[in-house]
Amino acid sequence: MCGIVGLFLKDKSLEPQLGAMLTEMLITMTDRGPDSAGIAIYGGADDGAGKITVQSPQPEKDFADLDRELKDAIGKPVGMVIRSTHAVLEVPVDQVEVARAALAELRPGLKVMSVGDSLEIYKEVGLPKDVASRFELAKMRGTHGIGHTRMATESAVTTNGAHPFSTGSDQCLVHNGSLSNHSSLRRMLAHEGIYTETMNDTEVGAAYLTWRMKNGATLGEALEGTLEDLDGFFTFVVGTHDGFGVVRDPIACKPAVMAETDQYVAFGSEYRALVSLPGIDTARVWEPEPATVYFWNH
Amino acid sequence: MQRFDLEAQGLRALNAALHALNGQTNETAWEVVNPKGSHSIAVGLDAPIELTVHGSTGYYCAGMNKQATIRVKGSAGPGLAENMMSGAVIVDGNASQYAGATGRGGLLVIKGDASSRCGVSMKGINIVVHGNIGHMSAFMAQSGNLVVLGDAGDALGDSLYEARLFVRGAVKSLGADCVEKEMRPEHLELLADLLKQGEAEHLAKPEEFKRYGSARNLYNFNIDNASAY
């Protein structure tokens with residue numbers, strides 16, 4: 001069992017409250033996943049800056065002077081915001097890959113959580129309310145975001161086993177369920193040059209999407225492919241630069257409920273996660289169909 | 001009218017108060033406010049009361065109901081009215097998966113859509129759905145009646161025993177051993193009564209439905225299939 005929440009804002013006036021709304025939804029899903037929690041938030045700023053979110057188990061040591069050292073390495077301005085064990089590095093958008101290579105040299109122990117124009121991913125072990133407060137999620141603003149509370153089944157309770165998993169620039173994945181063919185898929189993907197870092201089943205699901213898109217599939221086509229190629233139970237929610245998508249396996253035993261008003265589209269593993277949203281009493285509430293890919297875009 | 005604020009008073013207090021009515025009571029009208037998707041609202045009732053939930057419910061609402069009439073003025077989460085024995089459960093909105101599962105008696109009415117596995121292993125309950133039902137509904141259904149005014153999803157009535165399935169709209173596919181059957185006068189009469197009980201007599205006519213039931217080919221082992229095992 002795990003909990004998933006997602007919120008896609010149509011009404012720009014709600015953007016300053018995105019983090020607060022998602023935090024409340026996330027905490028409601030604590031009893032579906034008390035092991036760890038994570039959130040992917042899309043700031044939506046087309047300001048020419050690229051973002052690299054990194055994580056370290058030793059933030060004081062690893063983040064000290066990191067912005068200055070990265071600036072010297074790439075010869076371009078670098079911004080850094082530290083939040084607990086995570087730091088968001090901002091570089092010119094055309095310097096993201098250069099900066100990522102430089103980071104691997106400067107701090108080999110850093111884990112890259114996400115890369116993109118607007119995506120930031122924060123995740124850690126612990127109760128969702130504690131994870132939310134250490135990253136001050138409630139203060140974040142943005143256009144859309146997804147969150148996950150984890151009850152571990154297929155791999156250990158670690159930061160890297162927590163969701164969301166990044167699947168590519170400005171793309172991420174969260175999962176409720178368990179995949180049963182992840183070992184064979186992991187070997188297949190390694191032959192194709194796509195390597196995973198953990199024994200986690202969801203990371204293989206994310207790597208599968210990365211592989212399909214690397215070979216020319218759209219995100220929608222890659223999600224359709226999961227219905228054929230992944231064995232097991234899944235409700236996936238994926239975040240993209242300008243929206244989010246939902247797909248459930250054909251058996252669809254993992255719960256999902258959605259709500260839509262003029263102001264937002266929201267996803268929850270249970271209706272409980274949605275009850276604090278404005279206008280929920282008059283929202284259109286429904287259950288997404290099995291084996292059907294849904295998308296909402298700005 | 002007994003009014004219960006679930007947010008203020010809590011779930012255990014609600015169910016304990018309702019269980020204390022066991023058998024006979026003069027407190028026959030109840031309403032629950034602020035359900036906010038909570039789980040296990042009004043489970044295990046055994047008293048002839050009328051209870052209305054103002055809002056949407058989470059998992060297992062109205063499970064194991066006996067005698068009570070429970071109305072939900074919203075939508076219901078997974079496991080609605082599981083194993084109902086008698087009484088009635090009426091939901092104004094949609095119901096999530098396995099609504100009415102294993103029910104032995106009573107009436108379940110869903111005025112919106114029901115999701116997958118509606119009426120799975122039903123054993124005597126009557127279910128009336130005004131909208132559509134999802135895949136694998138009435139799987140291994142043993143007795144009782146499932147009436148669907150809309151469409152049915154994949155594998156309707158798979159491995160069905162003696163439950164009767166009435167569907168007005170399209171059936172995406174029939175499950176193993178489920179077949180369309182002739183609608184005889186006694187079925188039209190039964191259906192007219194079920195539509196009335198299900199608050200749907202103004203929405204559909206018995207003649208508009210098709211009847212599905214068991215071909216009874218799975219009842220006995222076919223020796224010609226021995227090599228398949």
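Two strands count as paired if DSSP finds at least two bridges between them. The views below show a predicted model, in which local features need pLDDT of at least 70, side-chain atom pairs count only at pLDDT 80 or more, and totals for chains, interfaces and linings use all residues. Residues are numbered from 1 along each chain as its sequence is written, while chains are lettered from A and ligands numbered from 1 in the order in which they are written.

**View 1. Strand β7 of chain B and its two parallel partners.** Helices (H or I, at least four residues) and strands (E, at least two) are DSSP runs, numbered from the N terminus. Strand β8 (residues 143-148) of chain B pairs with β7(B) in the parallel sense over five bridges, and B:V128 stands opposite B:V147 in β8(B). Strand β6 (residues 107-110) of chain B also pairs with β7(B) in the parallel sense, over four bridges; here B:I110 has B:V129 as its bridge partner. Strand β7 (residues 123-129) of chain B is mostly covered, with five of its seven residues buried. A residue is buried if 20 or more other C-beta atoms lie within 10 Å of its own, exposed if 12 or fewer, and partly exposed in between, with C-beta atoms placed from the backbone.

**View 2. The open five-stranded sheet of chain A.** The strand order is β9-β10-β11-β12-β16, and the pairing is antiparallel. β9 (165-168) and β16 (294-297) each have a single partner strand and stand at the edges, so one side of each lacks a neighbour in the sheet. From one strand to the next the twist averages 20°. Within the sheet, β10 (residues 171-179) and β11 (residues 232-240) of chain A pair over eight bridges, and A:G177 stands opposite A:F234 in β11(A). Helix α7 (residues 201-214) of chain A lies across β9, β10 and β11, running at about 130° to β10(A). Axes are lines fitted to C-alpha atoms, for helices over the stretch in contact, and angles run from 0 to 180 degrees between N-to-C directions.

**View 3. Helices α3 and α4 of chain A.** The axes of α3 (residues 66-74) and α4 (residues 96-106) come within 10 Å and cross at roughly 120°. The two helices are therefore oblique to each other; angles under 35 degrees count as roughly parallel, over 145 as roughly antiparallel, 65 to 115 as roughly perpendicular and the rest as oblique. α3(A) contributes A:E69, A:L70, A:A73 and A:I74 to the contact, and α4(A) contributes A:V98, A:A99, A:A102, A:L103 and A:L106. Residues are in contact if their C-beta atoms, placed from the backbone, lie within 7 Å. By class, the contact has eight nonpolar, no polar and one charged residues. Ala, Val, Leu, Ile, Met, Phe, Trp, Tyr, Cys and Pro count as nonpolar, Asp, Glu, Lys and Arg as charged, and the others, Gly among them, as polar.

**View 4. Helix α1 of chain A and its cover.** Nine of the 11 residues of α1 (residues 18-28) are buried, among them A:L18, A:M21, A:L22 and A:M25. Their cover includes β1 (2-9), β2 (36-42), α5 (128-134), β8 (144-150) and β14 of chain A.

View 5. A:E270 is found in the loop between β14 (264-268) and β15 (284-286) of chain A. This residue counts as buried because 25 C-beta neighbours lie inside 10 Å. Across the two chains, 10 residues of chain A are in contact with 13 residues of chain B. The chain A side of this contact has seven nonpolar, no polar and three charged residues.
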